[in-house]
Amino acid sequence: MASSSSSSSHQTRVPFPSDPGGKPLDHDVPIHVVTEPSQLPVEFLNPSAAKQLIIGFDCEGVNLCRHGALCIMQLAFPDAIYLVDAINGGESLIKVCKPALESSYITKVIHDCKRDSEALYFQFGIKLHNVVDTQIAYSLIEEQEGRTRLPGDYISFVGLLADPRYCGVSYLEKEEVRVLLRQDPMFWTYRPLSEMMIRAAADDVRFLLCIYYKMMEKLNERSLWYLAVRGALYSRCFCINENNYADWPDIPPIPDNLNIEDNAPEEEILYVLDVPPGKMGRVIGRRGASILSIKQSCNAEIFFGGAKGPPDKAFIIGPVKQVRKAEAMLKGKMVDIY
């Protein structure tokens with residue numbers, strides 16, 4: 001097991017899958033509820049090139065975003081799961097994880113990183129770095145294998161788990177937790193953590209490493225570069241501030257082996273477009289009709305902050321030419337507004 005200097009006050013166990021190469025991971029994985037830094041693995045707290053790690057990662061909170069409180073941070077290692085308790089451990093416990101979460105030596109495998117990253121950045125000053133987003137990876141594999149994804153159609157975590165190519169696991173309890181969250185949005189703030197809370201938090205990360213290895217087997221070199229770039233862009237997407245992302249790490253450059261004449265991938269960027277206050281609904285269109293038509297015309301992803309914010313901004317991610325095309329079309333909608 002990953003070494004730590006003391007054991008947690010709570011430990012339970014769940015079964016864990018095998019990796020795709022047939023090598024069994026520990027079938028009886030302990031779950032540690034962490035309230036002190038000393039309960040975390042030493043190699044996590046002190047990232048190094050000599051001990052590079054790949055971990056499953058997720059966060060739970062109250063309407064998680066820049067303002068919605070982060071309550072638990074889940075870390076899945078091959079032999080243990082750590083639930084980092086931001087309520088009982090406090091801000092200092094999350095901040096001690098900053099070197100690991102910003103490190104190039106630790107790969108964080110996560111499904112849809114945008115809001116988790118936003119919460120970490122605005123609440124704790126952490127710039128989530130070196131992520132493998134399984135939602136992005138899934139889309140890249142579908143595209144690589146010739147399947148067409150509809151604009152705005154993103155695989156849910158439950159859907160990914162159910163896919164037999166990656167996991168083939170039914171996650172019925174996820175819907176139970178969603179019902180509880182709708183009934184009581186403060187669900188993740190309660191302490192002590194109930195068995196259901198511990199199990200639900202652990203289940204959100206315990207299959208991520210298995211899924212990661214299966215995806216890595218499928219992705220070609222071109223797709224792997226897109227995965228790294230889009231992971232970096234999605235991580236900072238909602239973390240907009242006055243410095244225009246100047247404090248974030250550089251985007252991975254196009255590798256030499258892909259920079260082949262006539263077939264080199266185009267540079268990908270994130271562009272943030274300001275929308276006139278109170279006019280976002282008009283830009284999106286009735287039932288999303290306007291934005292859907294733009295997405296269908298451009299090979300770019302377009303996100304909005306929505307109720308969680310940031311308000312009055314559109315975030316466009318994709319190849320430079322496609323982002324500029326989407327920008328022009330969105331601005332055209334704004335002209336109609338005025």
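Alanine 314 counts as buried, at 0% relative accessibility. This residue belongs to strand 10, which covers residues 313–319. The structure is a predicted model.

- Leaving aside neighbours within four places in sequence, alanine 314 is in contact with Tyr271, Val272, Leu273, Val275, Phe303, Phe304 and Leu330.
- Alanine 314 and isoleucine 302 are 12 residues apart in sequence, and their C-alpha atoms are 6.7 Å apart in space.
- Its relative accessibility of 0% is under the 20% cut-off, so alanine 314 is classed as buried.

**Helix 7**

- Helix 7 spans residues 172–183 and has 12 residues.
- From first C-alpha to last, helix 7 reaches 18 Å, close to the 16 Å expected at 1.5 Å a residue.
- Glu173, Lys174 and Val177 are the buried residues of helix 7.
- Seen down the axis of helix 7, these buried residues fall within an arc of 105°, so they line one face of the helix.
- The buried residues of helix 7 pack against helix 6 (157–162) and helix 8 (195–203).
- On the face turned away from the buried side, helix 7 carries the exposed residues Leu172, Arg182 and Gln183.

**Helix 2 and helix 4**

- Two packed helices are described by the angle between their axes and the distance between the axes.
- For helix 2 (residues 86–95) and helix 4 (residues 114–124), the axes come within 11 Å and cross at roughly 95°.
- That angle lies in the range 65 to 115 degrees, so helix 2 is roughly perpendicular to helix 4.
- Helix 2 contributes Glu91, Ile94 and Lys95 to the contact, and helix 4 contributes Leu120, Gln123 and Phe124.
- The residues of this contact between helix 2 and helix 4 divide into three nonpolar, one polar and two charged.

- The peptide bond from arginine 191 to proline 192 is cis, with omega near 5°.
- Proline 192 sits in the loop between helix 7 and helix 8.
- Glycine 309 and proline 310 are also joined by a cis peptide bond, with omega about 0°.
- Proline 310 is in the loop between strand 9 (301–304) and strand 10.

- Aspartate 112 is not a glycine, yet has a positive phi of about 65°.
- The loop between strand 6 (106–110) and helix 4 holds aspartate 112.
- With a relative accessible area of 27%, aspartate 112 is partly exposed.
- Asparagine 244, likewise not a glycine, has a positive phi of about 55°.
- Asparagine 244 lies in the loop between helix 10 (221–236) and strand 8 (268–274).
- The relative accessible area of asparagine 244 is 54%, which is over the 50% cut-off, so this residue is exposed.

**Serine 297 in helix 12**

- Serine 297 is part of helix 12, which covers residues 289–297.
- At 35% relative accessibility, serine 297 counts as partly exposed.
- Leaving aside neighbours within four places in sequence, serine 297 is in contact with Gln322, Lys325 and Met329.
- Serine 297 and isoleucine 240 are 57 residues apart along the chain, and 26 Å separates their C-alpha atoms.

Notes: Residues are numbered from 1 along each chain as its sequence is written. This is a predicted model: local features need pLDDT of at least 70, side-chain atom pairs count only at pLDDT 80 or more; totals for chains, interfaces and linings use all residues. Side-chain values use heavy atoms; hydrogens and water are left out. Helices (H or I, at least four residues) and strands (E, at least two) are DSSP runs, numbered from the N terminus. The expected span of a helix is 1.5 Å times one less than its number of residues. Buried means under 20% relative accessible area, exposed over 50%, partly exposed in between (1.4 Å probe, protein chains only). The arc is that of the directions from the helix axis to the C-beta atoms. Contact means heavy atoms within 4.5 Å. Axes are lines fitted to C-alpha atoms, for helices over the stretch in contact, and angles run from 0 to 180 degrees between N-to-C directions. Angles under 35 degrees count as roughly parallel, over 145 as roughly antiparallel, 65 to 115 as roughly perpendicular and the rest as oblique. Ala, Val, Leu, Ile, Met, Phe, Trp, Tyr, Cys and Pro count as nonpolar, Asp, Glu, Lys and Arg as charged, and the others, Gly among them, as polar.
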